[in-house]
Amino acid sequence: MSGLVPNARSRRIEASATLAISARAAALKAEGHDVVSLGAGEPDAPTPEPIANAGIRAIETGDYRYTAAAGTPALRAAGAVWFGSEFGLAYEPSEVMVSAGAKAALHMALAAVIEPGDKVLLLAPHWVSYPTLIRVAGGEVVTLPAVPEQGFVHDRDAVARCVAEHGIRGMILNFPNNPSGAVATREQIQDIVDVANEHDLWLISDEIYATLLYDDARHISPAAVPGGRDRTVVVNGFTKSHTLTGWRTSFLAAPAAVVDVCARIQSQVLGNPCTISQAAMLEACKTPLPDEQERRMTAFNERRNFLVDSINAIDGLALQAPRGSFYALVDARPICEARGIDDVAACKQLLDDHLLASVPGSAFAIPGFIRLSYAADMTQLEKGVARLRAWAEADKR
Ligand SMILES: Cc1ncc(COP(=O)(O)O)c(C=O)c1O
């Protein structure tokens, strides 16, 4: 051995907690165990055929060469139209960039607006990758603890206090939320935008679940309310709605000056996002598939209702109905406290003793909770809930 080690910055980057669970679940499956996997954040339906076919056509017609780093002009223009028709956001093509998935877009956005040492606020529960993405961009993470008793949406005063106390420079928002399924109302979004204006903050809004909504929930982007547009970087796309997961495509929308810098960074670290995937994403923009979307949402809603009813019938567990996304954040605090274990140990018991893969809430800064994904069919969900019940009732036997 040379004695050389990776640098200190990279050693601070944590391995994903969700990957550890997936690896253990995969190992158990490989040993022949019948594992129910409710850990994955990926829709179970395949990429719709017309979209996949657009990718195939791109290969067949030789449309696979480098494109401009910010994406093809056709896709940036189609993205601007899509932001307008789907979300009422008015962007010029020059204000829309294509990136290689929401994750890459978030990286470009943070790299473009965060100065070294800037404090960036996360509202718990929050997606697992945000803290690392912030640190990679040179920022420091400040986390506002979760408020399950408020439906997981923080009030204006709590956000304003935290921003003032810590000298926050930017915030990442994520509604509909992974892992809670919370969707902020227009008033709640306006409150956050008002705080951002009072303290001159950047807002990075991860809206990757924006079209996955239930009941009367409506998605409101901070860029759509007064005072929001000029300080918001919107990240959105078809990853979760159309299973463009492995295709690695996304949009980033922001004022042109921000998009220009993001595109410059992207041109150096990534080059252009995959040309074939851009062709597929162009098809997704141009040809809405309302029947397909309706089928997916009907299935998700049926599963969501099943989980809400069946989990709330289990002693010691509680589930607030998610209003968006496809995750159920189960409150297991009573059981964890009674047994003197944390949520990581609870998920380990669920996997090792009951063959149910889930994700501990601590991965999302909400200890005592367990995240289940309902991007799985009803048979799997029914089996999963039976196993969850067996775990919850284990000490009653
Ligand atoms: C909140 C959130 N943002 C971003 C992503 C990553 O999306 P992509 O696959 O487009 O990079 C995920 C995936 O799980 C997510 O849950």
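Guide: The C-alpha centres of domain 1 and domain 2 lie 26 Å apart. Domain 1 covers 8-33 + 291-396 and domain 2 covers 49-286, with bounds from an automatic or database domain assignment. This is a predicted model, in which local features need pLDDT of at least 70 and side-chain atom pairs count only at pLDDT 80 or more, while totals for chains, interfaces and linings use all residues. Residues are numbered from 1 along each chain as its sequence is written.

The contact between the domains takes 26 residues from domain 1 and 27 residues from domain 2; two residues are in contact if their C-beta atoms, placed from the backbone, lie within 7 Å. On the domain 1 side, helix H2 (17-30), helix H11 (290-312) and strand S10 (327-331) each supply at least two residues. Helices (H or I, at least four residues) and strands (E, at least two) are DSSP runs, numbered from the N terminus. By class, that side has 12 nonpolar, eight polar and six charged residues. Here Ala, Val, Leu, Ile, Met, Phe, Trp, Tyr, Cys and Pro count as nonpolar, Asp, Glu, Lys and Arg as charged, and the others, Gly among them, as polar.

The ligand has 13 residues around it, of which Gly41, Gly101, Ala102, Lys103 and Thr239 come nearest; a residue is near if its C-beta atom, placed from the backbone, lies within 6 Å. The shell around the ligand divides into three nonpolar, eight polar and two charged residues.
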